[in-house]
Amino acid sequence: MGNKVKWVLQLCHGCSPPFDDVARQWTSLFAGSHYKILTVFLTGKPDDKITSLVGGDVVFLEYTSKDLKGLKRKLIKKIKSLHCQYQFSFTIAHRYKSIYIASHLPDMKVIGVSHAFGVYSPFLRRRYVMKQAGSLMLAGVSDAIRDDARKSLPDYPQQNIQTVHNHINLGTHLNGLLDRKVAREQLGLDSTAFVVGNVGRLHPDKDQATLIKAFALALPKVPGAKLVVIGEGRLRGELEELVSSLKIEKHVFLLGRISEAWRYYQAFDVFALSSYYEPFGMVLLEAMAASIPVICSNCGGGAEVVGDKGLLFTVGDHEDLSAGIIKIFSEGSDYREQMAVDLFARLKENFTDDAVKEKFWQLPYVSGGLV
């Protein structure tokens with residue numbers, strides 16, 4: 001491919017989590033190549049920590065959400081001026097607004113990344129991306145998101161709607177994990193209890209209510225168990241009332257938001273993801289990296305991440321989830337250890353920086369003309 005450095009533009013709507021790490025993930029795909037990444041966050045204030053996390057060169061344009069409405073002429077003009085300076089080879093654009101802006105750069109090839117379902121449901125969006133089909137590859141962060149885009153755009157070249165999975169820096173995660181004893185001490189957990197862990201916003205999409213009901217149902221057969229939920233959100237009051245109504249206050253810990261929650265995962269005996277709506281599920285990768293068993297609802301990207309190596313339950317079915325918790329407990333430590341080993345192997349094969357990097361460069365759109 002030659003030795004001359006070529007610039008790639010990465011456009012992100014904002015830099016708040018998880019998009020700070022999303023930008024890092026895509027930057028990692030170009031490590032060791034002759035491409036250099038300029039990441040541009042359209043909104044958000046300059047932050048040295050985010051710059052360090054992302055890697056490469058980072059620019060914060062500091063626009064507001066209001067600036068991103070309408071035709072976005074001001075933004076497009078700014079991005080065009082950057083293009084004049086850097087002469088980008090192509091652009092990675094996260095979410096639809098970034099795709100729209102990037103497509104206004106002259107003769108620019110774009111990889112448009114979708115992180116949610118329904119991105120191309122609106123008619124005007126479908127019509128616009130169809131006009132860009134010759135220079136735009138659409139990527140979903142899971143097969144579920146990819147298939148959703150393909151369904152919305154049946155006349156789009158299907159080979160140009162592909163999957164580029166979310167992924168983690170495995171070395172960083174392994175080095176940052178707290179061991180079981182320390183993690184439990186810092187979370188205030190008994191050293192001998194069987195602990196079910198969950199991490200996520202307290203939001204209807206994450207459906208912690210189903211998890212709490214399932215845990216209450218399982219508790220008589222999992223004596224002394226504890227449920228730990230790390231995360232904050234608008235449903236805290238409702239979830240606290242649910243815990244109280246089920247009379248399990250001594251067994252459930254709603255710990256709120258904890259920075260770098262993934263570091264504490266080895267405090268858990270099992271990680272439970274109860275999501276009703278899940279485009280991918282980064283917390284699953286974090287649990288797999290921590291070598292703990294996983295039980296997950298069979299919806300969207302979550303089921304895709306764990307595959308047949310974890311335990312799936314029917315979304316929204318607290319009885320099915322309860323049975324899964326009981327099974328993981330009652331089958332004993334050998335069963336749990338083998339599940340953890342299998343999940344870790346699946347993680348290494350499919351969802352690390354190196355694994356996704358190798359698959360990315362083999363995509364037809366990338367290898368057949370982008371580079």
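Predicted model: local features only at pLDDT ≥ 70, side-chain atom pairs only at ≥ 80, totals over all residues.

Lys181 and Glu185 both sit in helix H8, residues 180–187, four residues apart, which is about one turn of the helix; helices here are DSSP runs of H or I of at least four residues, strands are runs of E of at least two, and both are numbered from the N terminus. The side chains of Lys181 and Glu185 form a salt bridge at 2.7 Å, N to O, the term being used for a side-chain nitrogen of Lys or Arg within 4 Å of a carboxyl oxygen of Asp or Glu. Both Lys181 and Glu185 are exposed, where exposed means over 50% relative accessible area, buried means under 20%, and partly exposed lies in between, with a 1.4 Å probe and protein chains only.

Residues are numbered from 1 along each chain as its sequence is written, and side-chain values use heavy atoms, with hydrogens and water left out.

How many salt bridges does the rule give? The count comes to 13, and I will pick out some of them. In helix H1, residues 19–28, Asp21 and Arg24 lie three residues apart, again about one turn of the helix, and their side chains meet in a salt bridge at 2.9 Å, N to O. Asp21 is partly exposed, at 21% relative accessibility, whereas Arg24 is buried, with a relative accessible area of 10%.

Another salt bridge joins the side chains of Lys206 and Glu278, at 3.1 Å, N to O. This pair links distant parts of the chain, 72 residues apart, with Lys206 in the loop between strand S8 (195–199) and H9, and Glu278 in the loop between strand S11 (270–273) and helix H11 (282–289). Are these two partners buried or exposed? Lys206 counts as buried at 16% relative accessibility, and Glu278 likewise counts as buried, at 6%.

Let me turn to helix packing. In general, two packed helices are described by the angle between their axes and the distance between the axes. Helix H9, residues 208–218, packs against helix H13, residues 318–330, at an angle of about 55 degrees, with the axes 8 Å apart. That makes H9 oblique to H13, since angles under 35 degrees count as roughly parallel, over 145 as roughly antiparallel, 65 to 115 as roughly perpendicular, and the rest as oblique. The axes are lines fitted to C-alpha atoms, for helices over the stretch in contact, and the angles run from 0 to 180 degrees between N-to-C directions.

On the H9 side, Thr210, Leu211, Lys213, Ala214, Phe215, Leu217 and Ala218 meet His318, Glu319, Leu321, Ser322, Ile325 and Ile326 of H13, contact meaning heavy atoms within 4.5 Å. The residues of this contact divide into eight nonpolar, three polar and two charged; Ala, Val, Leu, Ile, Met, Phe, Trp, Tyr, Cys and Pro count as nonpolar, Asp, Glu, Lys and Arg as charged, and the others, Gly among them, as polar.

H13 also packs against H14, at an angle of about 110 degrees and with the axes 6 Å apart. That makes H13 roughly perpendicular to H14. Here Lys327, Ile328 and Phe329 in H13 meet Tyr335, Arg336 and Met339 in H14, and by class this contact has four nonpolar, no polar and two charged residues.

Thr352 is in the loop between helix H14 (333–350) and helix H15 (353–360). Thr352 is buried, with a relative accessible area of 9%, and touches His167, Ile168, Leu170 and Leu347, leaving aside residues up to four places away in sequence.

Finally, which helices are largely enclosed by the rest of the structure? H11 is one of them, because eight of its eight residues are buried, including Met282, Glu286 and Ala289. After H11 comes Ser291, whose phi is positive, near 60 degrees. Helix H4, residues 95–102, is also largely enclosed, with six of its eight residues buried, among them Tyr96, Ser98 and Tyr100.
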